[in-house]
Amino acid sequence: ASIDQFIAALPKVELHVHLEGSMQPPLLLALAEKHAVAGFSRSLREIREWYEYRDFPHFLDVYRRAVEVLRDEEDFAALAFDTARNLAAQNVRYAEVHFSLSDHLLRDIPAPVVFAGIEHGRKRAERESGIRIRWIPDFAGDYGAEAGERTLDAVLAHGPQTVLGFGVGGLEVERDQFREVFARARAAGLHSLPHAGETRGPDRVWSAIRALGAERIGHGIGSVADAELIAHLRDTQLPVDVSPTSNLRTGAVRALTQESSGAPWQSRGTEHPLPWMLEEGLLVTLNSDDPPMFGTDLNGEYRAAHRMGLDRAALTRLARNGVRASFLPERDKTALL
Ligand code: ADE
Ligand code: ZN
């Protein structure tokens, strides 16, 4: 089989993908028209151009504009259904999906509308394709700790059983300020799933671990600048959810190919450290983050990893790491391993 066929047939899980960032351009345009959102008389070609980013803050601006087309329960249902179906079509059996609850609350969309919509779409997709979806509501760190508290309040008041964790994304501000909100989330039985080390360095990852009790690290590539942190991640096998194309398209790295040898802290910000992180024995998983916004999907990330020098055995290892790092019940993990 060709490498593309091999990747497509590989049973996979997806542990780091954003619901809103999974909105395909046709749905984006349809919802913009439905709600007459200003500034959206865009063609598919214009959307592709709109999805070219100068840097990470520019990406976030575009993401937040796109999120505004989501208004009612049917919109969220359509997005959840479409997202789950696209994952299932790539032989993804299970996904833990982030969604930007703080953005919706700040736009005065009631949490019950969001939860009812995404649950509706999830159930229909699970019935029709057999995929299983669990939810990770998150807030944007740059909205502040108070926004995090209000987001968690909404989750605890209205969240369904299918919510399994709590996250923080957005601009990568200092993490210690979120200690209390994550303590409260964890006390309520939610897993701690922050972004850290996406565009910033090891200090963000250390505080995600020490202050937030992170159970996986979203991105984490900034860890490579600190040998002690790498040793810690290896010793504890704390999973790191990596998304190469996302890092390339937001400017977090300049290239995906590994042209130089040697430790990546010497070339930080240039080449993607995924192959090195695997060689160092970290529990790395491979994920798509915001697939259409980065012109990729999960199979595309496996193809990118292959172009970065990872052979079929390494790709299989990445897929199995995903199963191990997931919050699937143990018996379901065994069935997928
Ligand atoms: N929200 C959507 N995608 C994100 C990312 N890659 N990092 C932080 N926040 C996000
Ligand atoms: Zn993310």
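The largest nonpolar core of this predicted model has 89 residues, and those with the most contacts inside it are Ala80, Ala95, Val97, Ile118, Ile131, Phe166 and Val284. A nonpolar core is here a set of buried Ala, Val, Leu, Ile, Met, Phe, Trp, Tyr and Cys residues joined through C-beta atoms within 7 Å. A residue is called buried if 20 or more other C-beta atoms lie within 10 Å of its own, exposed if 12 or fewer do, and partly exposed in between, with C-beta atoms placed from the backbone. The largest share of this core, eight residues, is contributed by helix 5. In soluble globular proteins, nonpolar side chains tend to be buried together. Ala80 touches Leu19, Gly117, Ile118, Gly121 and Arg122 when residues up to four places away in sequence are not counted, a contact being a pair of C-beta atoms, placed from the backbone, within 7 Å.

Residues are numbered from 1 along each chain as its sequence is written, while chains are lettered from A and ligands numbered from 1 in the order in which they are written. Because the model is predicted, local features need pLDDT of at least 70 and side-chain atom pairs count only at pLDDT 80 or more, whereas totals for chains, interfaces and linings use all residues. The protein averages a pLDDT of 96, and 96% of the residues score at least 70, where pLDDT is the predictor's confidence in each residue, from 0 to 100. The model scores ipTM 0.98 and pTM 0.97.

Helices (H or I, at least four residues) and strands (E, at least two) are DSSP runs, numbered from the N terminus. Helix 7, residues 111–129, has 19 residues and reaches 27 Å from its first C-alpha to its last, close to the 27 Å expected at 1.5 Å a residue; the expected span is 1.5 Å times one less than the number of residues. Within helix 7, Val114, Phe115, Gly117, Ile118, Glu119, Gly121, Arg122 and Ala125 are buried. The cover over these buried residues includes helix 5 (73–88), strand 2 (92–99), helix 6 (101–106), strand 3 (132–140) and helix 8 (145–158). Just after helix 7, Gly130 takes a positive phi of about 80°.

An open sheet of five strands has the order 1-2-3-4-5, with parallel pairing, two strands being paired if DSSP finds at least two bridges between them. Its edge strands are strand 1 (12–18) and strand 5 (191–192), each of which pairs on one side only. Seven of the eight residues of strand 2 are buried, so strand 2 is largely enclosed by the rest of the structure. Strand 2 and strand 3 also pair in the parallel sense, over six bridges; in strand 3, Arg134 is the bridge partner of Glu96, and Ile136 that of His98.

A second open sheet, of four strands, has the order 6-7-8-9, again with parallel pairing. Strand 6 (195–196) and strand 9 (284–286) stand at its edges, each with a single partner strand, so one side of each is left without a neighbour in the sheet. Two bridges join strand 7 (residues 217–219) to strand 8 (residues 240–242), which run parallel, and Ile217 has Val240 of strand 8 as its bridge partner.

Several loop residues were also examined. Arg175 lies in the loop between strand 4 and helix 9 (179–187) and counts as buried because it has 25 C-beta neighbours inside 10 Å. Leaving aside neighbours within four places in sequence, Arg175 is in contact with Pro194, Ala196, Arg204, Ser207, Ala208, Ala211 and Leu212. Arg175 and Phe81 are 94 residues apart in sequence and 33 Å apart in space, C-alpha to C-alpha.

Most residues other than glycine have a negative phi. Asn91, in the loop between helix 5 and strand 2, has a positive phi near 65° and is partly exposed, with 16 other C-beta atoms within 10 Å. Asp108, in the loop between helix 6 and helix 7, likewise has a positive phi of about 65° although it is not a glycine; Asp108 is exposed, with 6 other C-beta atoms within 10 Å.

Key
Two residues are in contact if their C-beta atoms, placed from the backbone, lie within 7 Å.
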